[in-house]
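Subject: Salt bridges in the model

Hi,

Here is the structure I promised to pass on. Have a look, and my notes on its charged pairs follow below.

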Amino acid sequence: MTGPKNPPEISYRSAKPSDAGEITGLSAQLGYAVEPDSVLARLERVLADPDHFVGVVTGEAGRLAGWVHAEQRESVLGGSRAEIIALVVEASARRRGIGR
């Protein structure tokens, strides 16, 4: 038995403001009804903050197959760490290891 297989042509990169529309669509698959303009405004603010990271996975034809938002946080007990705030994988790409 083998583990999950990644789709043939995937790549990872930092998100860009132009990804806001696809991020909105992927989020809607999980029931998050947000306006594309709101996502764009928030994404631009987050991308400008060095304590935040938003990454995307691109699949076929360069379309987004998933995205992740992480924030660097400081804790009295645990010190500095990254906390995942959002993780979304496109429905047809799930169970292939993209979110690992």
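Asp-19 and Arg-13 join their side chains in a salt bridge, at 2.8 Å from N to O. By salt bridge I mean a side-chain nitrogen of Lys or Arg within 4 Å of a carboxyl oxygen of Asp or Glu. Asp-19 is buried, at 3% relative accessible area, while Arg-13 is partly exposed at 27%. (Buried is under 20% relative accessible area, exposed is over 50%, and partly exposed is in between, with a 1.4 Å probe and protein chains only.)

Before you read on: this is a predicted model, where local features need pLDDT of at least 70 and side-chain atom pairs count only at pLDDT 80 or more, though totals for chains, interfaces and linings use all residues. Numbering starts from 1 along each chain as its sequence is written, and side-chain values use heavy atoms, with hydrogens and water left out.

The structure has 5 salt bridges. Another one pairs Glu-71 with Arg-73, at 2.9 Å from N to O. Glu-71 is buried at 17%, and Arg-73 is partly exposed at 34%.

Arg-73 also forms a salt bridge with Glu-83, with the closest N and O atoms 3.6 Å apart. Glu-83 sits in strand β4 (residues 79–89) and Arg-73 in strand β3 (residues 64–75), so this pair ties together parts 10 residues apart in sequence. (Strands here are DSSP runs of E, at least two residues, numbered from the N terminus.) Glu-83 is partly exposed, at 28%. Through shared partners, salt bridges link Glu-71, Arg-73, Arg-81 and Glu-83 into one network.

Cheers

How values were computed. Helix = DSSP H or I, 4+ residues; strand = E, 2+ residues; numbered from the N terminus.
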